Amino acid sequence: MTVLQIVFLVTGFVTLLAGVMVVASPKLVHAALWLIVSLAGVAVLFVLLNANFLAVVQVVVYIGAIAILIIFAVMLTRRVMADTGPTHNPSWWLALISALVLLGGLLALILQVPAFAQAGPTAQPAADSGLSDLGTALVDVNRFLLPFEVASVLLLAALIGAMAIARPADAAEEGGE
Amino acid sequence: MHDPWVFVAFLLPIGLLLPAVAVLMGILLGPRKPNAIKGTTYECGIETVGETWVQFRASYYIFALIFVVFDVEAVFLFPWAVAYQQMQLYMVLEGVLFLLILAAGLLYAWRKGALEWV
Amino acid sequence: MGDPFGLIGQWLMDLVTGWGMQPVAALTLLRFLGAAILATVLLLVCFLLIVAERKLLGRFQDRYGPNRVGPWGVFQTVADFVKLIGKEIVVPDGIDKPVYWLAPLLVVMSVVGIWAVVPFAPGFLGTDLNVGILYIVSVGAIGTLGIIMAGWSSNNKFALLGAFRAVAQLVSYEIPMVLTLLVPTMLAGSMGIAAIVEAQKDMWFITAAPLAALVFLISSVAENGRAPFDLMEGESEIVAGFNIEYGGLAFGMFYVGEFLHAFTVGVLFSTLFLGGWQGPGAEQFPLLGLVYFFAKAFVVWFITVWIRGSFPRVRIDQLLSLNWKFLTPLALLIVSLTAVVDKLAVEQGWSRILALLAANGALFVGTMAVLGAYGRSVRLREERLRATAGGLSTGIAR
Amino acid sequence: MIPLSWYLILSALLFCVGAFGVLARRNAVGILMGIELMLNAVNLNLVAFWRYLTPGLIAGQVFTLIVFAVAASEASVGLALIISIYRRRSTVVVDEINLMKW
């Protein structure tokens with residue numbers, strides 16, 4: 001057991017436990033907070049994978065933005081959520097069975113492929129140049145320019161669509177003169 | 001490779017632990033005589049009306065929404081900014097185009113009056 | 001006298017390995033000690049910062065400020081601290097205990113965490129992350145989380161309302177802040193804070209990007225939630241805000257977080273735009289770098305306190321308008337303009353700084369013209385309104 | 001060194017936990033949280049594959065970034081829908097949002 005392996009096991013356990021709490025927690029705000037713990041755990045795993053940039057982006061985007069959005073939505077729709085009704089479907093055991101079957105299939109697949117048994121990374125990625133390489137790749141016509149600009153359009157569409165949906169009908173009518 | 005993070009991995013828990021010790025000290029050393037009045041919700045002495053979960057306006061959500069989209073956008077641009085000095089002009093312009101596409105979203109929100117707080 | 005920090009580090013390293021430790025373990029131990037010392041010193045410095053700020057605010061408002069405990073009142077915060085320890089922590093019913101207690105700790109942690117990447121002097125910094133700038137943003141996001149947790153767990157509608165307001169403000173002002181952070185990243189070609197300071201050897205970034213620096217300063221002050229942006233603590237409107245149900249040291253921790261953050265704003269501004277520890281002779285004598293660093297940080301911190309003491313609180317609609325209709329579009333323009341002009345200047349062989357300065361100046365003049373036109377239109381509308389209102393009232397009188 | 005399969009197993013577990021949440025939660029926001037968990041599991045897979053199999057190519061990181069953008073869009077539109085439905089029908093329980101069923 002190396003130190004890295006221990007760190008991985010602890011982080012993985014926390015991430016997974018938090019994930020279970022997300023789906024099991026009766027209070028929705030608690031579920032959202034557990035989701036944040038789980039996301040932070042994934043960020044630590046990104047660090048273990050030498051993806052520094054993705055790790056901080058994970059925190060900025062997921063914890064700093066998406067989680068806040070989810071908490072806002074939970075609070076805005078709270079009155080009904082405070083109810084004492086069951087938090088899960090009556091047929092939740094069906095869901096459990098499907099999830100377990102899915103897990104079994106995935107595990108069987110993972111353990112079969114020989115390439116996945118690889119004990120460690122083959123090559124070290126470049127430490128610092130990786131970031132500027134990523135930046136160039138995003139705007140290079142021959143590489144990922146199209147996905148990059150499409151992501152921008154996607155975000156624009158999401159912004160406009162979500163705004164059109166979320167605003168109350170009367171506000172939407174009186175807006176825009 | 002993980003070297004620079006070791007310090008962070010120490011500093012963050014310590015940053016959490018030190019205030020925790022201070023607060024714990026306050027809890028242990030301070031007197032503790034709870035009663036029903038002290039346990040009530042504080043509203044400058046006025047009795048609380050209704051429950052805590054009053055409905056909030058959706059404007060808060062709208063601002064959070066615009067924030068999320070722009071946050072993702074800014075984060076996308078950071079690798080671009082790092083690579084900026086090795087770039088040709090057209091690559092720089094592509095990054096600016098990325099910015100301006102989203103600026104259109106801000107303009108839309110502005111025109112639609114979603115940025116008004118009324 | 002060449003490199004005291006390197007020497008001290010080497011000496012400590014030798015000392016610990018001399019006890020028979022593995023070099024890796026010794027390095028880890030030293031890092032742990034460094035982190036512990038940094039966090040402790042920061043929280044202790046807070047005692048002085050609070051007194052200094054209160055004294056300054058007192059002078060700005062033509063009064064003495066704290067002057068009873070110790071010489072010039074420097075022990076005032078210690079006395080306050082002792083008082084806060086001795087207070088009963090009144091915990092209201094119906095709170096969500098783990099969340100309630102975790103919230104103030106997270107707020108302090110988010111501020112202390114920023115200091116991990118701050119370079120105090122050449123070769124004297126916690127750690128040199130290659131994603132330093134985004135690390136600062138991400139740690140700051142945890143503070144926002146702490147505030148919403150505090151507001152939610154308190155079971156008080158004013159706390160919740162205060163938290164909603166605070167979060168709306170914090171997330172809004174994060175956008176211009178993050179956007180202007182792109183400018184130093186572009187100019188330095190790196191997100192590492194040490195590399196950014198290194199890149200300011202010849203010129204500070206404030207000379208190349210004065211507008212970006214200004215926007216960054218404004219949005220940082222707003223992120224800190226102090227006057228004129230102290231809406232999250234509107235005593236007269238929402239009782240106190242998200243921290244209303246906190247007492248004793250738990251409340252003190254929010255206070256500590258705020259005051260430490262104020263100084264951190266100064267540190268970040270001086271690091272990103274004023275060259276950090278850079279200055280004449282700092283390369284040869286790292287101790288001098290430390291002096292420059294703190295001198296610059298204190299100047300910026302003084303300016304933020306001055307702003308706090310001078311401006312009245314804005315309304316929430318003004319706050320959000322200022323951000324979304326002014327700072328964010330301006331930040332977008334600054335980033336686009338800086339990117340294009342700098343690239344053109346390098347390709348055409350113009351002087352970089354002059355081109356950037358000219359672009360900034362043009363943008364400033366343009367912004368002022370737009371603001372002036374807007375102000376005139378508002379004044380005109382008000383005058384017209386007043387005229388019709390006056391006509392009405394005379395009509396009624398007749 | 002951490003074997004690649006560890007990451008894959010963890011991500012498979014996380015994915016299935018998220019899938020369970022999506023299937024079993026009655027609350028729409030809860031379902032969305034399950035989706036976020038699943039997206040994270042996918043991200044973890046992408047980054048692990050990038051690191052272990054093709055560290056020379058940047059594609060793994062770019063894919064993850066795109067997933068971030070998609071997740072942000074999905075969350076903002078999904079939550080906007082939920083808020084809109086809540087405002088009209090005063091419920092966020094998906095079983096009760098059945099107008100389109102008939």
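Which element of chain A has the lowest mean pLDDT, and which the highest?

1. In chain A, helix α8 (residues 169–174) has the lowest mean pLDDT, at 50, and helix α2 (residues 28–48) the highest, at 91. Chain A as a whole averages a pLDDT of 81, with 82% of the residues scoring at least 70.

2. Please take care with residues 172–177 of chain A, where pLDDT stays under 50. The model has 8 contacts beyond four places in sequence for that stretch. Where pLDDT is low, the predicted coordinates should not be read in detail.

3. On to the partner chain: 73 residues of chain A are in contact with 63 residues of chain D. On the chain A side, α1 (3–24), α2, α3 (52–76), α4 (78–81), α5 (92–112), α6 (129–139) and α7 (145–166) each supply at least two residues. That side divides into 58 nonpolar, 14 polar and 1 charged residues.

4. Have a look at α1(A) against helix α1 (residues 4–24) of chain D: their axes are 9 Å apart and they pack at an angle of about 10°. An angle under 35 degrees counts as roughly parallel, so α1(A) and α1(D) are roughly parallel to each other. Residues making the contact include A:Phe8, A:Leu16, D:Trp6 and D:Phe20; the contact comprises 12 nonpolar, 5 polar and no charged residues.

5. Finally, the largest nonpolar core has 280 residues, and A:Ala32 is among those that touch the most other members. Beyond its neighbours within four places in sequence, A:Ala32 is in contact with A:Ala67, A:Ile70, A:Ile71, A:Val74 and D:Met33.

Technical notes:
Residues numbered from 1 in each chain as written. Chains lettered and ligands numbered in written order. Predicted model: local features only at pLDDT ≥ 70, side-chain atom pairs only at ≥ 80, totals over all residues. Core = buried A, V, L, I, M, F, W, Y, C linked by C-beta atoms within 7 Å. Buried ≥ 20, exposed ≤ 12 C-beta atoms within 10 Å, placed from the backbone. Contact = placed C-beta atoms within 7 Å. pLDDT = per-residue confidence, 0-100. Helix = DSSP H or I, 4+ residues; strand = E, 2+ residues; numbered from the N terminus. Nonpolar A, V, L, I, M, F, W, Y, C, P; charged D, E, K, R; others polar. Axes fitted to C-alpha atoms, helices over the stretch in contact; angles between N-to-C directions. Parallel < 35°, antiparallel > 145°, perpendicular 65-115°, else oblique.
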